[in-house]
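Subject: Structure handover

Hello,

Here is the structure for you to look over. My notes follow below it.

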Amino acid sequence: MILYKYFPDNFYSYRAISIKGLWCHHPVKMNDPFECLGFVNRSFSDKQLQTLREIFLKSDDKSNRELANKKDNLLIDILNKQRREIIKQYAFCSLSETKDDIKMWSHYASNHKGFVVGFKFTKNQIDHHFQKVRYVNKVPQLNVRKFAEFMNGKYHHLSYLLSDVSVKSTDWKSEKEWRIWRNKPCYYRYELSNIDCIYFGVDCSIETKLIIARLTSDLGEKFEYDEMEFNDNPVGLKY
């Protein structure tokens, strides 16, 4: 699978290429204040609350067992706060399935002065930390069993939790986003062999092209760099 990263024309992008790392940051540091729909409080049915209480009663953790005796409104409040804490704790970097989106070039690649790198990931490299973003116009139901068991220490449900916070409004669906999650802000390290292609923006300077070419010179003489061009019919980008 090939996923694309839009880079602005700046020092941090050059550093990411130089050290072979994609910076993962907390959701609150992203450009969407509604990131992960973390502000939305989930609702729970009586059946879901009963399931939660049954799971918490079996917990080895005393504080979790005490949750089973909380009133409905308090239990719901605690669960929503716990989800927000998960959002605050983890960090991610964003990639896309598309490399020729005009708006993304404008927003994330210095008004087409930056560049896009295509990363090729093998099946062995793609694990539960890779999550495809779901675009929704209605907040999805929470799988209370998996959520409660995760709170009880069953961390094999981490994949579900990361999936649950990889959601955005349908207003963003054209970005076709994927996320690589980490348990704290850090670089996701990739191998040089992961770089499949590099595209320069239509207004990318010769200086930026030379810097990127120098930083990726180990790719070899046969590696080809492409340049985006405007297409007038239909209006868009081509390469």
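Predicted model: local features only at pLDDT ≥ 70, side-chain atom pairs only at ≥ 80, totals over all residues.

A residue is called exposed when its relative accessible area is over 50%, buried when it is under 20%, and partly exposed in between. Lys-62 has a relative accessible area of 56%, so Lys-62 is exposed. Lys-62 sits in helix H3, residues 62-67.

**The largest pocket**

The volume of the largest pocket is about 780 Å³. Its lining counts 31 residues. Lys-5, Tyr-6, Trp-23, Met-30 and Tyr-108 are the ones nearest the centre. Several elements give two or more residues to this lining: strand E1 (2-7), helix H1 (11-19), strand E2 (21-24), strand E3 (91-96), H5 and E8. E3 gives the most, with 5 residues. Sorted by class, the lining holds 15 nonpolar, 8 polar and 8 charged residues.

**Salt bridges**

Side chains of opposite charge can pair when their charged atoms come close. The count here comes to 11 salt bridges.

Asp-32 and Lys-168 form a salt bridge at 3.8 Å, N to O. Asp-32 is in the loop between E2 and helix H2 (46-57), and Lys-168 is in strand E7, so this pair ties together parts that are 136 residues apart in sequence. Are these two residues buried or exposed? Both Asp-32 and Lys-168 are buried. They also belong to a network of salt bridges, which links Asp-32, Glu-35, Lys-168, Glu-177 and Arg-179.

Asp-72 pairs with Arg-53, and their closest N and O atoms are 2.9 Å apart. Asp-72 belongs to helix H4 (residues 72-89) and Arg-53 to helix H2, so the bridge ties together parts 19 residues apart in sequence. Arg-53 is buried, because its relative accessible area is 16%. Asp-72 is partly exposed, at 36%.

Lys-132 and Glu-97 meet at 3.4 Å, N to O. Lys-132 has 48% relative accessibility, so it counts as partly exposed. Glu-97 is also partly exposed, at 35%.

**Surface patch**

Which residues make the nonpolar surface patch of about 310 Å²? Ile-102, Phe-230 and Val-235 do. Val-235 lies in strand E13, residues 235-238. With a relative accessible area of 71%, Val-235 is exposed.

**Backbone**

Most residues other than glycine have a negative phi. Asn-111 is not a glycine, yet its phi is positive, near 55°. Asn-111 is in the loop between helix H5 (102-108) and strand E4 (115-120). Its relative accessible area is 48%, so Asn-111 is partly exposed. Lys-176 is not a glycine either, and its phi is about 50°. Lys-176 is in the loop between strand E7 (167-169) and strand E8 (177-182). Lys-176 is partly exposed, with 44% relative accessibility.

Over to you.

Note on methods. Residues numbered from 1 in each chain as written. Heavy atoms only, no water. Helix = DSSP H or I, 4+ residues; strand = E, 2+ residues; numbered from the N terminus. Buried < 20%, exposed > 50% of the residue type's maximum accessible area, 1.4 Å probe, protein only. Patch = residues over 30% accessible without salt bridge, like charges linked within 9 Å, V, L, I, M, F, W, Y side chains within 5 Å. Areas by Shrake-Rupley, 256 points an atom, 1.4 Å probe, with all protein chains shown as cover. Salt bridge = Lys/Arg side-chain N within 4 Å of Asp/Glu carboxyl O. 1 Å grid on protein atoms, 1.4 Å probe; cavity = no way out; pocket = protein on both sides within 12 Å on 5 of 7 lines; lining within 4 Å. Points joined across faces, edges and corners; volume = space filled by probe spheres on them. Nonpolar A, V, L, I, M, F, W, Y, C, P; charged D, E, K, R; others polar.
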